[in-house]
Amino acid sequence: AGTAIRLVMRVPTPLKSIAEQAIRAAASVPANLAEGAGRCGRDRHNLWRIAYASAKEVDSHLRLLAAAGGIDAARAERVRTRFDNVRALIWRLLNPTA
């Protein structure tokens, strides 16, 4: 999450709102994973689903910012790969028998 946040910190002004959304979504992933770890049952799974969705949201924002030239595409791809790995881990938390 920290890497994604650093990546979007200095985007051009017209893209600031997308960068801010990326920051909120990136910060949401570890926050919801941590909160979910302290819960049980449906609460836990709901928080993990939110973390999964936020990780997908980061991917979308990074793609858009890279396509618009606001961030380096290669760095964005590396960060997106990390979030893809996080999504895979969350998927396993949500579907332990899959």
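The protein exposes about 5,900 Å² of surface, and carbon and sulfur atoms supply 55% of it. Such areas come from the Shrake-Rupley method with a 1.4 Å probe; for residues, only the protein chains shown count as cover. This is a predicted model, in which local features need pLDDT of at least 70 and side-chain atom pairs count only at pLDDT 80 or more, while totals for chains, interfaces and linings use all residues. Residues are numbered from 1 along each chain as its sequence is written, and side-chain values use heavy atoms, with hydrogens and water left out.

The secondary structure comes to four helices and zero strands. Helices (H or I, at least four residues) and strands (E, at least two) are DSSP runs, numbered from the N terminus. Along the sequence, the pattern reads α-α-α-α.

Next come the overall dimensions. Taken along the principal axes, the C-alpha atoms fill a box of roughly 45 × 20 × 15 Å. The protein has a radius of gyration of 14 Å, which agrees with the value near 13 Å that a compact globule of 98 residues would have. That radius is taken over C-alpha atoms, and the globule rule is 2.2 Å times the number of residues to the power 0.38.

Contact, or touching, means heavy atoms within 4.5 Å.

The charged side chains number 16 positive and 8 negative, and the centres of the two sets lie 3 Å apart. Lys and Arg count as positive and Asp and Glu as negative, while His and the chain ends are not counted. The place of a charge is taken as NZ of Lys, CZ of Arg, CG of Asp or CD of Glu.

Now to the inside. Buried residues make up 34% of the 98 residues. Buried means under 20% relative accessible area, exposed over 50%, and partly exposed in between (1.4 Å probe, protein chains only). In soluble globular proteins, nonpolar side chains tend to be buried together. A nonpolar core is a set of buried Ala, Val, Leu, Ile, Met, Phe, Trp, Tyr and Cys residues joined through side-chain atoms within 4.5 Å. The largest nonpolar core here holds 19 residues, of which V8, V11, V58, L62, L65, I71 and F83 touch the most other members. Two or more residues of this core come from each of α1 (2-8), α2 (16-37), α3 (41-67) and α4 (73-94). Helix α2 gives the most, with six residues.

Leaving out residues up to four places away in sequence, V11 touches K16, A19, L65, G70 and I71. F83 sits in helix α4 and counts as buried because its relative accessibility is 5%. With residues up to four places away in sequence again not counted, F83 touches A1, A4, A26, V29, A55 and V58. The C-alpha atoms of F83 and V29 are separated by 9.3 Å, although the two residues are 54 apart along the chain.

Apart from residues up to four places away in sequence, S54 touches A25, S28 and V29. S60 is also found in α3, but at a relative accessible area of 42% it is partly exposed. S60 and A22 are 38 residues apart in sequence, and 8.6 Å lies between their C-alpha atoms.

Q21 belongs to helix α2 and counts as partly exposed, at 32% relative accessibility. Q21 touches E57 and H61, not counting residues up to four places away in sequence. From Q21 to V58 is 37 residues in sequence and 8.2 Å in space, C-alpha to C-alpha.

The last stop is P14, found in the loop between α1 and α2. Is P14 buried or exposed? With a relative accessible area of 72%, P14 is exposed. P14 and D72 are 58 residues apart in sequence and 16 Å apart in space, C-alpha to C-alpha.
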